[in-house]
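Subject: The structure we talked about

Hello,

I am handing over the structure below, and after it you will find a short account of what turned up in it. Please keep the structure open beside the text as you read.

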Amino acid sequence: MSGVLWCAVVWWARLAAHVSLWRWLLATAMLGLSVLSLMPAALPIPSTGWDKSNHALGFAVLAFLAYGAWPGRIPLSLLGLLGYGGLIEVLQSLTRDRMAEWSDLWADGVGLLIGAALASTMQRLAVVRST
């Protein structure tokens, strides 16, 4: 295993038991994503350069954090986060310079799958490392 991957696996294994920390991180990330998603488009915000990759990245992070926050309820957590993405789209439709797009919700879903796959891989590697 490469050094960076090994460090990430060790980090995951040590933090896996701290569910309250994961939940706090998830709530903080959701708040930050809400603020960024509803800010006026004219203001400079961090970006990957493409709106859909912004959505995928943000929701991949949320899925990764949800995996630690509710380890036994991953499908339900991901479904709830997809609903959260839908709520953001509805709220954006109520703003002056933002608009709701179905493709944004699809990008959210792709990000959720990527984040869950990454978290699942980290967990499996941590289990292998500990045996």
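In what follows, a residue is called buried when its relative accessible area is under 20%, exposed when it is over 50%, and partly exposed in between, calculated with a 1.4 Å probe and on protein chains only. This is a predicted model, in which local features need pLDDT of at least 70 and side-chain atom pairs count only at pLDDT 80 or more, while totals for chains, interfaces and linings use all residues. Residues are numbered from 1 along each chain as its sequence is written, and side-chain values use heavy atoms, with hydrogens and water left out.

Let me begin with S37. This residue is found in helix α2, residues 19-38, where helices (H or I, at least four residues) and strands (E, at least two) are DSSP runs numbered from the N terminus. With a relative accessible area of 11%, S37 counts as buried. Its side chain reaches the backbone oxygen of L33 at 2.8 Å. If we leave aside the neighbours within four places in sequence, S37 is in contact with I88, Q92 and R98, contact meaning heavy atoms within 4.5 Å.

The second topic is charge. Side chains of opposite charge can pair when their charged atoms come close. A salt bridge is a side-chain nitrogen of Lys or Arg within 4 Å of a carboxyl oxygen of Asp or Glu, and the structure holds 3 salt bridges. One of them joins D51 to K52, with the closest N and O atoms 3.0 Å apart; D51 is partly exposed, at a relative accessible area of 35%, whereas K52 is buried, at 17%.

K52 also forms a salt bridge with E101, where the closest N and O atoms are 2.9 Å apart. This pair links distant parts of the chain, since K52 lies in helix α3 (residues 51-69) and E101 in the loop between α4 (74-93) and α5 (102-130), 49 residues apart. E101 is partly exposed, with a relative accessible area of 25%.

Another salt bridge runs from K52 to D104, with the closest N and O atoms 2.6 Å apart, and this pair links helix α3 to helix α5 across 52 residues. Both K52 and D104 are buried. Through salt bridges that share partners, D51, K52, E101 and D104 are joined into one network.

Best wishes

Technical notes:
Polar contact = N/O pair within 3.5 Å; in protein donor to acceptor, adjacent residues only side chain to side chain.
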